[in-house]
Amino acid sequence: MILIEQAKKIFQTKNGPVTAVDDIDLSILEGEIFGMIGYSGAGKSTLIRMLNGLETPTEGSVTVAGRTVSEIKGVELRKARQEIGMIFQHFNLLWSRTVRDNIAFPLEIAGVSKAERDKRVNELIELVGLDGRGDSYPAQLSGGQKQRVGIARALANNPKVLLCDEATSALDPQTTDSILELLVDINERLGLTIVLITHEMHVIRKICHRVAVMEAGKIVEMGPVLDVFRRPEQPITKRFVQQVTEPEESKETIRHLVEAHPEGKIVKLTFVGVSAEQPVITDIIRRFEVAVNILQGKISQTQNGAYGTLFVHVTGNASEVDKAVAFLDAQQVDSEVITYD
Amino acid sequence: MIEQWFPNVDWGKMWEATLQTLYMTSISVVITFILGLLLGLLLFLTSKGQLWENKAVYGITAVIVNVFRSIPFIILIVLLIPFTKAIIGTIIGENAALPALIIGAAPFYARMVEIALREIDKGVIEAARAMGASTSTIIRKVLIPESLPALVSGLTVTAIALVSYTAMAGVIGAGGLGNLAFLDGFQRSRNDVTLMATIVILIIVFIIQFIGDTFTRKLDKR
């Protein structure tokens, strides 16, 4: 659906040239939800804008739905853009238009007749769950409702691809989840390819099938979300994964517990996919003369399965503890003994 | 009672002068709006980072606008006498005031249009581009509607400035309330005529302000 080949973007600034996107090769499949994560300035914003020609690559090519977006101009580019929806962090609605008229705007651009516009707008209002708000102005809506208008507007011309530019970064956690659910729903119902950029690993975990981690204009790591969660290779990826699995406060709690309980061992267990359902804890208690104290645990669902971490404190006779840890190692569970550091 | 306070006022003449002032103001407001909007759009679109970014066009337009905005109006009228004579055929009467009124006010309004357009969220323009809108669609359906309250309040300020410009134009023979106040009031030492003309001008200004404010409020859905 999307093919990016050796794309490079260099901006000329007062302080010399800046390479925002550096030799990126990427292909995104039809019907996929593909996430790109990175800190601000990583080049993800520039990269997503290349997909609808808001930025043109300095070198390389970008093909979306069979059109080489990086080459075409004028009418042809505008036609291509009508097949690529986009939603934004700050929604970018026209305050002078009602919800209905905002959603109708891309249809007006595409030259759809008034009667057909009305019909389509009604369908879209229902699809995004804004029934009854059609005649409100954006100023009268909450952030989540505004983003729903943004999504309806982006879907108006039945696009093949939906681009999401930090679409949930301005929303509170609860609203973020409802918008993410809506995106998954649209992806499943319409088979729409979704490309999103974000700096929140939560968003990736929740809805993406594959993820690319960007740093300094390059993709440093890429793969199915579950694999990246399981074995993050780059330090930056590890940091992002920790955003979801190990919040700051849990690290502090664990450090405190390690200090408070010098006897025994503290083990971090990582469950991925099917093994999340294995009763490993019960097993070690039954098999070995140890006591297990669960310190902290969290299981997260991703689009390709469950992912979780569990911190346990294993105490007892030193040799039994070692055996228990060895047993854990042999299971389909990644385990790691946490020590003072 | 009014006859007592304003013994020298010829009401027929006052009414005629009022109509002349309204005529000059309304024609010049309409043309100033069109010209100012076009110039303002040109300034905005050719400025840095915009759709038609062009340093040369922006620079030249900005210089022209600044020059005409800086010339005091009374001097502008005199400078434009040959031009006025060439296109209107006379330098006396209401129509003769129009070129100077428009050339004086349009650059002033163009700057206000440019400022109004700059206030538009860049993201909204980007969203329209992402939807495949052409530049003309963006102008008609995004730039103008999204800046309309500011365009109207700017036009209100410009219209009020134009009322006072017509009074100045009146002094050198364009007719209207300024002409009446100067010739019948000041030069013949009939202070009541000057005062009445001033009152009428104030009423016109208040009405323009009221209409402008009402529209601005109605249009603003933010």
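**View 1. Burial and fold of chain B.** Of the 222 residues in chain B, 41% are buried (20 or more other C-beta atoms within 10 Å of a residue's own, with C-beta atoms placed from the backbone; 12 or fewer counts as exposed, and values in between as partly exposed). The model is predicted, so local features need pLDDT of at least 70 and side-chain atom pairs count only at pLDDT 80 or more, while totals for chains, interfaces and linings use all residues. Residues are numbered from 1 along each chain as its sequence is written, and chains are lettered from A and ligands numbered from 1 in the order in which they are written. Chain B has 10 helices and zero strands, where helices are DSSP runs of H or I with at least four residues and strands are runs of E with at least two, both numbered from the N terminus. Its C-alpha atoms fill a box of roughly 70 × 40 × 25 Å along the principal axes. Among contacts in chain B with a separation of 6 or more, 70% are between residues 24 or more positions apart; a contact requires C-beta atoms, placed from the backbone, within 7 Å.

**View 2. The side of chain B that touches chain A.** Here 18 residues of chain B are in contact with 18 residues of chain A. Helices α7 (122-130) and α8 (135-174) of chain B each supply at least two residues to this side. The most come from α7(B), with six residues. By class, this side of chain B has eight nonpolar, four polar and six charged residues (nonpolar: Ala, Val, Leu, Ile, Met, Phe, Trp, Tyr, Cys and Pro; charged: Asp, Glu, Lys and Arg; polar: the others, Gly among them).

**View 3. Surroundings of A:Gln82.** A:Gln82 belongs to helix α2 (residues 74-82) of chain A. This residue is buried because 21 other C-beta atoms lie within 10 Å. Leaving out residues up to four places away in sequence, A:Gln82 touches A:Pro106, A:Ala110 and A:Asn157, as well as B:Met131 and B:Gly132. The C-alpha atom of A:Gln82 is 10.0 Å from that of A:Val161, 79 residues apart along the chain.

**View 4. The open sheet of chain A.** Four strands of chain A form an open sheet in the order β2-β1-β4-β5, with antiparallel pairing. Strands β2 (16-28) and β5 (67-68) of chain A are at the edges with a single partner strand each, so one side of each has no neighbour in the sheet. Two strands pair if DSSP finds at least two bridges between them. Strand β1 (residues 2-13) of chain A is joined to β2(A) by nine bridges, and the two run antiparallel. A:Lys9 has A:Val21 as its bridge partner in β2(A).

Conventions: Contact = placed C-beta atoms within 7 Å.
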